[in-house]
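Hello,

Here is the structure you were going to look at. My notes on it follow below.

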Amino acid sequence: MNMAKQIGRNEPCWCGSGRKYKVCHASFDEKIHSFEEAGHIVPPHKIIKTPAQVEKIKESCVINIAILDYLETVIRPGMNTAEIDKIVYEMTTERGAVPAPLHYEGFPYSVCTSVNEQVCHGFPSKDVVLQEGDIVNVDCSTILNGFYSDSSRMFCIGDVSPEKKKLVEVTKECVEKGLEQVKPWGFLGDMGQAVHDHAEANGYTVVREIGGHGVGLEFHEEPWVGYNSRKGEEMLMVPGMIFTIEPMVNMGKQAICTDSHNHWEVYTKDHMPSAQWEIMVLVTEEGHEVLCW
Ligand code: MF3
Ligand code: CO
């Protein structure tokens with residue numbers, strides 16, 4: 001907020017609106033500053049999106065949603081996860097976009113496909129053939145004209161055991177409970193605690209090490225979004241912030257391990273199933289808007 005303090009009241013606002021600071025974001029910054037003075041973590045300007053940026057990000061989200069919607073209609077027992085990777089690559093590039101995971105920090109595929117005890121960052125492979133009873137997370141991320149979208153869904157392959165089905169459903173509910181807490185001038189910890197409480201109430205655990213993130217202008221922006229936080233803690237939420245809610249919920253213990261060869265694929269240590277849903281949410285003046293799911 002020190003930066004904001006230096007803008008003259010008659011100078012152009014930092015948001016790029018072209019309006020004078022005093023009639024644009026001056027009181028907004030004052031309000032944020034008062035939370036900072038009270039000891040809270042507050043968002044930097046660079047993660048607060050302008051309406052024009054939000055529109056561009058939404059265009060990216062349209063592609064991400066279309067891909068997941070399509071996969072929902074074709075995913076079935078006998079399909080291998082390399083086929084999913086191919087569909088994601090083709091649908092993305094046909095629309096003039098780029099799959100965000102491809103070559104991201106060396107990630108070699110266009111999408112993450114994580115089956116059963118795989119927690120996240122699963123490598124698509126022709127050797128991973130989806131079987132009746134599997135649960136799989138497909139995590140899709142798109143870059144369109146430099147703007148990012150990111151969301152993931154669970155798919156139940158054929159008939160799935162009641163235990164696994166419940167894990168998938170409760171994990172989705174966790175995201176919904178978290179989402180209810182997203183509103184301006186609340187805290188990310190309000191969301192985190194709601195997610196965690198619901199998972200725990202169902203006898204599940206939530207992965208601690210990997211969380212959600214700010215997104216839109218980059219793939220992974222501030223803040224890091226965890227679920228072991230408490231109400232009233234973590235970053236203040238303000239209109240214009242966009243972040244993901246993407247808890248990884250384990251049927252067994254919360255401990256995870258990473259593949260020692262590829263350093264990407266994450267598994268539950270106890271080999272019990274894990275589920276994840278990811279949405280992208282915009283904090284608005286009134287509450288929130290889900291941009292991608
Ligand atoms: N899509 C993942 C997320 O939700 C990011 C995976 S990084 C990748 O943040 F390189 F594996 F794509
Ligand atoms: Co994400």
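K58 and E55 form a salt bridge through their side chains, with 4.0 Å from N to O; a salt bridge here is a side-chain nitrogen of Lys or Arg within 4 Å of a carboxyl oxygen of Asp or Glu. Both K58 and E55 sit in helix α3 (residues 51-74), 3 residues apart, which is about one turn of the helix. Helices (H or I, at least four residues) and strands (E, at least two) are DSSP runs, numbered from the N terminus. K58 is partly exposed, at a relative accessible area of 25%, and E55 is partly exposed as well, at 44%. For these words, buried means under 20% relative accessible area, exposed means over 50%, and partly exposed lies in between (1.4 Å probe, protein chains only).

Before going further, note that this is a predicted model: local features need pLDDT of at least 70, side-chain atom pairs count only at pLDDT 80 or more, and totals for chains, interfaces and linings use all residues. Residues are numbered from 1 along each chain as its sequence is written, chains are lettered from A and ligands numbered from 1 in the order in which they are written, and side-chain values use heavy atoms, with hydrogens and water left out.

The structure has 9 salt bridges. Another of them joins E72 and R153, whose closest N and O atoms are 2.9 Å apart. This pair links distant parts of the chain, since E72 is in helix α3 and R153 is in strand β5, 81 residues apart. E72 is partly exposed, with a relative accessible area of 46%, whereas R153 is buried, with 5%. K126 and D127 also meet in a salt bridge, at 3.8 Å from N to O. Here K126 counts as exposed at 60% relative accessibility, and D127 counts as exposed at 63%. Salt bridges with shared partners join E55, K58 and E289 into one network.

D150 and E278 are both buried.

N116 is in the loop between β2 (112-115) and β3 (118-120). N116 is buried, at a relative accessible area of 13%. Leaving out residues up to four places away in sequence, N116 touches G133, D134, I135, K164, P273 and S274, where contact means heavy atoms within 4.5 Å.

Last, the chain as a whole. Its secondary structure comes to 6 helices and 15 strands. Of its 293 residues, 55% count as buried. Among contacts with a separation of 6 or more, 69% are between residues 24 or more positions apart. The C-alpha atoms fill a box of roughly 65 × 45 × 35 Å along the principal axes.

Regards
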